[in-house]
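User: Please take a close look at one helix-to-helix contact in this model. Then set it in the context of the rest of the chain.

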Amino acid sequence: MPFLQTNLLLWLIVCPLLLTLTACSSESETTAWPKVELKGAEDKVLLKSSYEVLIDGQKAGYMLLDAKSDEKAGEVYGMWFTALKFRRGEDITSTLQDIHFVETPEGVLKSITVDSSAVPSSTKIATVVGETLEYREEQSEEVINGQKPWPAGVLGPLAIDMSLIKKPMQPGETREFSNVEPSSLSPYQQTLTAADFEEVDGQSLLRIDVVSASGDISMVGVLWVDEKGVTVKASYPQMSMEVVLTERTEATVMTSNDSLPTLDLNEVSSVEVLGIYEQDSTSQKYTLRSELTDLTDLFPTTDYQQVSTTSEDEVEIATSDEATESEMSEQEIPESYLAASALVNVEHTGIQAKVQELTKGLESDSEKLAAIHLFVNEHMSQKSYSKAMASAADAYESQEGDCTEHACLLAAMARAVGIPTRMAAGFVAVPDGAAMFLSYHMWNESYINGQWVPSDGTRPVAKPRWSRYIKISDTALSSEDDQQYALKALLLLGDLQVYSK
């Protein structure tokens, strides 16, 4: 992704993109770009670059990077601003990320502030204190204060760019370091390997292969940098994304007078199922292939989904409307599956009152879940893309949203009556005439009688078609989540091929 710092751009672009795969917000008249007013003119400029973001070859937005050295204070400070604009059918969404940071002259992070209009809109402020990262997060009316262990030597958000500019790499050289990912405030491991010079758009540029890793997620990319270490172009084929150096004057104009965005997420986020698909069948067999992403252990086996890995590039998945025979066993359920969070507002008074009304007189959790599912499906009368990933409280009050709002509301109501509930992310097969497409989707799973029972608030309670669902991951969607559950699906959209058998 960007110039990148694969991981940062990974989240500055990917998270807003991913979350708008299932939701869009209304567009303001004019995108509010920040004025790039760094401190005094006497400070040394280390980095000043602008980039155009392309997804699937279509313009998606711009990024601005700035860093200066305050020799008197012995600090480096800077800014990373990203603006993205997409379509989804007739809806348009704009997302902004404004990041400011302070680090040591050696690049070690000291503090960072992240303002985001992504979902939900938030402000994060974090400071490194010894071996601890102390942070404060503000979302709507909620304020979260916390801290987490912090390894020594974690670099700032623009570590890749700063490293290359301070000391350009040579063919055959490898560099490794960790730097902060702003959205989750977590360290990411970066590995840069310089290959050789290549001709790119008439320029001789050094190719650098980048791997950004955190947990079981890894992102690969290619940077092409000039003799000064400035990234001229970057490619992230797993997501069909490119970032191209551009003039700042061209990157700071993004108003409603521009032509409508050409990037349509409905097209980018869908994969056609090849072969003969039995639309009325109660079971399906899929073969999924990807040359760019390791599919090993990516898809979990569940009561409705059996997975067989044939190679790193290919898996076979059998799905069914009916759960397979499995031995029920009590599990230790994390408290987060019952807890409230910024998006899952369990304690909302309206939600509490409604769920008590719906479940009055019902004895079993299965009956209660069915009543909640029916209410969510009927209550969310405007199933549109007009909102970003809004909270359960917002969904309850506005009665509109798409799969993410349905999932948040259903989870909040189920948890309110003591049913552990999480969100599942993956794909759902959707017919389009004679064709069938896999689209990114979110639904719920509730723990009842020793089993995780799926439910999808966007569909009626009757006739569940779980043979059309392919699960990739799940999450409690608590404030501690780093959204890796969602990234797994996005990494497949660049070259995923799906065949029905």
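Predicted model: local features only at pLDDT ≥ 70, side-chain atom pairs only at ≥ 80, totals over all residues.

Analyst: Lys354, Val355, Leu358 and Thr359 in helix 5 meet Lys368, Ala371, Ile372 and Phe375 in helix 6. Contact here means heavy atoms within 4.5 Å. By residue type, this contact divides into five nonpolar, one polar and two charged.

Residues are numbered from 1 along each chain as its sequence is written, and side-chain values use heavy atoms, with hydrogens and water left out.

Now the geometry. Helix 5 and helix 6 (residues 365–379) pack at an angle of about 125 degrees. Their axes are 9 Å apart. That makes helix 5 oblique to helix 6. Angles under 35 degrees count as roughly parallel, over 145 as roughly antiparallel, 65 to 115 as roughly perpendicular and the rest as oblique. The axes are lines fitted to C-alpha atoms, for helices over the stretch in contact, and the angles run from 0 to 180 degrees between N-to-C directions. The crossing of helix 5 and helix 6 is right-handed.

Lysine 354 and glutamate 357 meet through their side chains at 3.4 Å, N to O. A salt bridge is a side-chain nitrogen of Lys or Arg within 4 Å of a carboxyl oxygen of Asp or Glu. The two residues are three apart in helix 5 (residues 349–359), so about one helical turn separates them. Glutamate 357 is exposed, with a relative accessible area of 54%. Buried means under 20% relative accessible area, exposed over 50%, and partly exposed in between, with a 1.4 Å probe and protein chains only.

The structure holds 16 salt bridges. Glutamate 52 pairs with lysine 59 at 3.8 Å, N to O. Glutamate 52 is buried, at 16% relative accessible area. Arginine 207 pairs with aspartate 209, their closest N and O atoms being 3.0 Å apart. Arginine 207 counts as partly exposed at 25% relative accessibility. Aspartate 209 is also partly exposed, at 27%.

Next, the backbone. Most residues other than glycine have a negative phi. Aspartate 297 has a positive phi of about 65 degrees, although it is not a glycine. Aspartate 297 lies in the loop between strand 16 (283–289) and strand 17 (305–311). Its relative accessibility is 71%, so aspartate 297 counts as exposed. Leucine 477 also has a positive phi, near 55 degrees. Its place is the loop between strand 22 (469–475) and helix 9 (484–490). Leucine 477 is buried, with 8% relative accessible area.

Two residues show links across the sequence. Leucine 47 sits in strand 1 (residues 44–55). It is buried, with a relative accessible area of 4%. Beyond its neighbours within four places in sequence, leucine 47 is in contact with Leu65, Asp66, Ala67, Leu158, Asp161, Met162 and Ile165. Leucine 47 and leucine 65 are 18 residues apart along the chain, with 6.8 Å between their C-alpha atoms.

Proline 168 is found in the loop between helix 2 (159–166) and strand 9 (174–181). It is partly exposed, at 28% relative accessibility. Not counting residues up to four places away in sequence, proline 168 touches Glu173, Arg175, Glu227, Lys228 and Gly229. Proline 168 and valine 230 are 62 residues apart in sequence, yet 8.5 Å apart in space, C-alpha to C-alpha.

Finally, the whole protein. It has nine helices and 23 strands. Helices (H or I, at least four residues) and strands (E, at least two) are DSSP runs, numbered from the N terminus. Of the 501 residues, 55% are buried. Among contacts with a separation of 6 or more, 60% come from residues 24 or more positions apart.

Definitions and conventions. Left-handed = near helix turned anticlockwise from the far one by under 90°. Nonpolar A, V, L, I, M, F, W, Y, C, P; charged D, E, K, R; others polar.
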